[in-house]
Amino acid sequence: MAGRSQNGKQPASAATNFIAGGAAGMMEALACHPLDTIKVRMQLSRRGRAPGTKRRGFIKTGAEIVRKETPLALYKGLGAVLTGIVPKMAIRFTSYEWYKQLLADKETKVVSGRATFLAGLLAGVTEAVAVVTPMEVVKIRLQAQHHSMADPLDIPKYRNAAHALFLLLREEGVGSLYRGVTLTALRQGTNQAVNFTAYSYFKQWLKEAQPAYANTELPSYQTMVIGLISGAMGPLSNAPIDTIKTRLQKTPGLPGETAMSRITTITRDMFKQEGSRAFYKGITPRIMRVAPGQAVTFTVYEFIKDKLEHSNIAFVGGGKYEE
């Protein structure tokens, strides 16, 4: 069964998950943000709509950003990400462990594969509502403005993450920070459901195949590999959701326009004007962003969690189910 080790090891405490998850998120953001910027630019690009124009690939898109805007442009929106990434990852791992404990078998305390999937789904929705949606609205506004693939006459409106947040609240209201929350929750939920379930099974199989690691953590290189594989599965399953969400969050809503009507309009226009392939724009850099990001996240998380659990700090006591 997923989520149970041979030694019945108790799970980490909420404080341990919060610290280890937050640290893992910071490392992941610093390492992978340029790929996220390339992904967003590709999703917002309308090249390929007119006959005779070719779509830019992720390498050409990245090279053009560096050539026209300097390498630092690849880190546009990083301030917004760093502000949200620590609480995002802390909430992800803490809520995931809490949901697993809630869904564990009442008598045996074992977490089934179905419970692991549902816990990941709920953790993804929780982080989407609490942190990810506002963070991504600010990030996308910063990444989308005044860049080499935009109208050269556009004047940058936002100076930094704090300024973008201030203007969004003043001009569009608090609701603007939650534009696309349903799509974001759906994307994050499916991502984490697939991610945590795959990672749990891979980890269990490796421990069973290597008895020497039955009572200890796997080597970092193995954690990185299974994190990379599990991290690639989510983007493949929900790429259209992410592309529609990015377009939705890029621009302010019109008066009287509902979220569903905007989603419908964006979806219809994309299909009519750009074809079905438009829904998978940026899939390569997204996988290249998410998969290594999950590899970094799980590796750093497992490493720090292990260090905390072997320390003398009082708050590292475990929970009530068997991993």
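**Exercise 1. Salt bridges**

Task: Find how many salt bridges the predicted model holds, then work out which parts K39 and D242 tie together.

Solution: 
- Start with the total. The count comes to 20 salt bridges.
- Side chains of opposite charge can pair when their charged atoms come close.
- Check the pair. The closest N and O atoms of K39 and D242 are 3.2 Å apart. A salt bridge needs a distance within 4 Å, so this pair qualifies.
- Place the residues. K39 lies in helix 1 and D242 in helix 7, so the bridge ties together parts 203 residues apart in sequence.

**Exercise 2. Two helices**

Task: Decide how helix 1 and helix 9 are oriented to each other: roughly parallel or roughly antiparallel?

Solution: 
- Locate them. Helix 1 covers residues 14-44, and helix 9 covers residues 283-309.
- Take the geometry. Their axes come within 8 Å and cross at roughly 165 degrees.
- Apply the cut-off. Angles over 145 degrees count as roughly antiparallel, and therefore helix 1 and helix 9 are roughly antiparallel.
- The crossing is right-handed.
- Sort the contact residues. They divide into 17 nonpolar, 6 polar and 6 charged.

**Exercise 3. The cavity**

Task: Describe the largest cavity and its lining.

Solution: 
- Count first. The structure holds 1 cavity of 30 Å³ or more.
- Give its volume. The largest cavity has about 320 Å³.
- Look at the centre. Of 25 lining residues, K88, E136, Q188, R289 and V290 are the closest to it.
- Trace the sources. Helices 1, 3, 4, 6, 7 and 9 each supply at least two lining residues.
- Classify. The lining has 6 nonpolar, 8 polar and 11 charged residues.

Note on methods
Residues are numbered from 1 along each chain as its sequence is written. This is a predicted model: local features need pLDDT of at least 70, side-chain atom pairs count only at pLDDT 80 or more; totals for chains, interfaces and linings use all residues. Side-chain values use heavy atoms; hydrogens and water are left out. Axes are lines fitted to C-alpha atoms, for helices over the stretch in contact, and angles run from 0 to 180 degrees between N-to-C directions. Helices (H or I, at least four residues) and strands (E, at least two) are DSSP runs, numbered from the N terminus. Angles under 35 degrees count as roughly parallel, over 145 as roughly antiparallel, 65 to 115 as roughly perpendicular and the rest as oblique. A crossing is left-handed if the near helix is turned anticlockwise from the far one by less than a right angle, and right-handed if clockwise. Ala, Val, Leu, Ile, Met, Phe, Trp, Tyr, Cys and Pro count as nonpolar, Asp, Glu, Lys and Arg as charged, and the others, Gly among them, as polar. On a 1 Å grid over the protein atoms alone, a cavity is a set of points where a 1.4 Å probe fits but cannot get out, and a pocket is an open set with protein on both sides within 12 Å along at least five of seven lines; lining residues have an atom within 4 Å of a point. Grid points are joined across faces, edges and corners, and a volume is the space filled by probe spheres set on the points. A salt bridge is a side-chain nitrogen of Lys or Arg within 4 Å of a carboxyl oxygen of Asp or Glu.
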